[in-house]
Amino acid sequence: MAHFAENFVRTMQNLLNYIAERTFCSPELNKAIETSFELVEFNKNDHVLTEGLLAHHLYFIDKGMLHNYHNNDGKKVSSWFYYENQFVTAWSSFYTRKPSFETIECLEDCRLYRISYTDYQKLIVDYPAFGNFARTLAEEILAIIDEFSKNWAFLSAKEKYVLLNTYFPKIELRVKLGLIASFLGISQETLSRIRAEK
């Protein structure tokens with residue numbers, strides 16, 4: 001369960017840097033970002049969002065790793081992994097304002113900056129530079145989804161593992177092999193054989 005990081009003296013410099021790499025940030029915009037985002041902490045195995053609920057927030061990962069997943073015959077099937085200096089939410093739910101079809105779970109203790117959908121939209125309206133950032137972020141997410149949706153079905157298990165590692169180098173050091181196997185759509189035994197061939 002989330003708890004707010006009270007009396008935690010820390011700037012959100014990683015978040016500000018991430019945004020500044022994609023758009024011009026005036027002192028006024030930086031101040032608005034600092035005001036609009038809040039720092040929250042989750043423990044390992046906590047759910048940031050549960051399937052069937054609306055994604056009210058967008059999160060920036062300052063520390064930790066998460067994944068989103070759906071249930072298939074009672075088994076977790078990972079859809080994607082997220083770690084430091086990335087944004088995470090249930091994208092479809094956040095953008096369309098419809099209930100999420102997936103759950104977001106912390107794979108480690110996590111420190112996140114979050115912004116509500118309402119405040120996110122307000123920043124877009126009030127600051128054109130932030131609107132440019134929001135567009136760039138959406139384009140980056142769409143590009144990743146597009147690449148995977150078009151190529152994934154035609155890749156071998158080994159090719160999928162290689163592609164996964166281009167996005168998440170040494171992911172097996174932070175994520176259980178069972179979750180990686182579920183993401184790749186293979187058994188854990190097959191994954192072990194692929195890893196042994198490296």
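Me: How many residues of strand β2 are buried?

Reply: Burial is read from relative accessible area: buried is under 20%, exposed over 50%, and partly exposed in between, with a 1.4 Å probe and protein chains only. Strand β2 (residues 38–42) has 4 of its 5 residues buried, so the strand is mostly covered. Helices (H or I, at least four residues) and strands (E, at least two) are DSSP runs, numbered from the N terminus. This is a predicted model, in which local features need pLDDT of at least 70, side-chain atom pairs count only at pLDDT 80 or more, and totals for chains, interfaces and linings use all residues. Residues are numbered from 1 along each chain as its sequence is written, and side-chain values use heavy atoms, with hydrogens and water left out.

Me: Which strand do bridges join to β2?

Reply: Two strands pair if DSSP finds at least two bridges between them. Here 5 bridges link β2 with strand β9 (residues 110–116), and the two run antiparallel. Across this pair, Leu39 stands opposite Tyr113 in β9. In a regular strand the side chains alternate between the two faces of the sheet.

Me: At what angle do the axes of α4 and α5 cross?

Reply: Axes are lines fitted to C-alpha atoms, for helices over the stretch in contact, and angles run from 0 to 180 degrees between N-to-C directions. Helix α4 (residues 117–126) and helix α5 (residues 128–151) have axes that come within 5 Å and cross at roughly 125°. Angles under 35 degrees count as roughly parallel, over 145 as roughly antiparallel, 65 to 115 as roughly perpendicular and the rest as oblique. The two helices, α4 and α5, are therefore oblique to each other.

Me: Which residues of α4 meet α5?

Reply: Contact means heavy atoms within 4.5 Å. Tyr120, Leu123, Ile124 and Asp126 in α4 meet residues of α5, among them Phe130, Phe133 and Leu137. The contact divides into 8 nonpolar, 1 polar and 1 charged residue. Nonpolar covers Ala, Val, Leu, Ile, Met, Phe, Trp, Tyr, Cys and Pro, charged covers Asp, Glu, Lys and Arg, and the others, Gly among them, are polar.

Me: Why is α7 largely enclosed by the rest of the structure?

Reply: In helix α7 (residues 177–184), 6 of the 8 residues are buried, so the rest of the structure largely encloses it. The buried residues include Leu179, Ile180 and Phe183. Their cover includes β5 (66–72), β6 (75–82), α5, α6 (157–167) and α8 (188–196). Gly185 follows α7 and has a positive phi, near 75°.

Me: What percentage of the 198 residues in the protein is buried?

Reply: Buried residues make up 45% of the 198. The protein has 8 helices and 9 strands.
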